[in-house]
Amino acid sequence: MSSTTPTLLNSQIIGRAHHAARALLDRELDRTGTTFHQSMALNATAAEGGFAETSRIVELLTSTLKISADTAHATVAELLAAELIEPLEPLAGQGPRVALTEAGRAVQGRLAAVATEFGPRVYGGIPEEDLAVAGRVLTEVIARANAAYEQTADRY
């Protein structure tokens, strides 16, 4: 393969990019004693304003990470045990809710700072039109992979 042959997008390239970027987060996860699943649940809670229905967190974890509902509920239980989230009284017509604790906000903020720090270093200098094309292509790849995942649920 010559140096002028373009590298075509494929699962290996996507995976390598994911793991290269993820390594930046994983280092901070190790420092905070937080798992990736826990960080996603903290982010989901923060994105809802610091308060979220447990079912919403479980839905996000299962749909995004392709983990079981049992694993997602276990992740929420781990965060409760670590006192990074706390239970709240459900609102009328809603299920169980949780809120970030002060410690949870600190951990979530520390992890979010990794993206703030490294985002420009990873994506900076790449032309906006290239990022737009990559975004469109990867969004389509995600949609197709999700469809294949659903269509083959009984096979694998």
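In which helix is Asn 43 found? Asn 43 is found in helix H2, residues 36–47, where helices (H or I, at least four residues) and strands (E, at least two) are DSSP runs numbered from the N terminus. The model is predicted, so that local features need pLDDT of at least 70 and side-chain atom pairs count only at pLDDT 80 or more, while totals for chains, interfaces and linings use all residues. Residues are numbered from 1 along each chain as its sequence is written, and side-chain values use heavy atoms, with hydrogens and water left out.

Asn 43 has a relative accessibility of 33% and therefore counts as partly exposed; buried means under 20% relative accessible area, exposed over 50%, and partly exposed in between (1.4 Å probe, protein chains only). Its C-alpha atom is separated by 17 Å from that of Glu 117, a residue 74 places apart from Asn 43 along the chain.

The largest nonpolar core has 21 residues, of which Leu 42, Ile 57, Leu 61, Leu 79 and Ile 85 touch the most other members. Such a core is a set of buried Ala, Val, Leu, Ile, Met, Phe, Trp, Tyr and Cys residues joined through side-chain atoms within 4.5 Å. At least two residues of this core come from each of helix H1 (11–32), H2, H3, H4, strand E3 (97–100) and helix H5 (102–123). H2 gives the most, with 5 residues.

The 12 residues of H3 should span 16 Å at 1.5 Å a residue, and its end C-alpha atoms are 16 Å apart, which agrees; the expected span is 1.5 Å times one less than the number of residues. The buried residues of H3 are Thr 54, Ile 57, Val 58 and Leu 61. They cover an arc of only 100° around the axis, and therefore lie on the same side of H3; the arc is that of the directions from the helix axis to the C-beta atoms. An α-helix has 3.6 residues a turn, so residues three or four places apart point the same way. The buried residues of H3 pack against H2, strand E1 (51–53), H4 and E3, contact meaning heavy atoms within 4.5 Å. Not counting residues up to four places away in sequence, Leu 61 touches His 37, Met 40, Ala 41, Lys 66, Ile 67, Ala 72 and Thr 75.

Lys 66 follows H3 and lies in the loop between helix H3 (54–65) and helix H4 (69–81). Its phi is near 60°, a positive value in a residue other than glycine.
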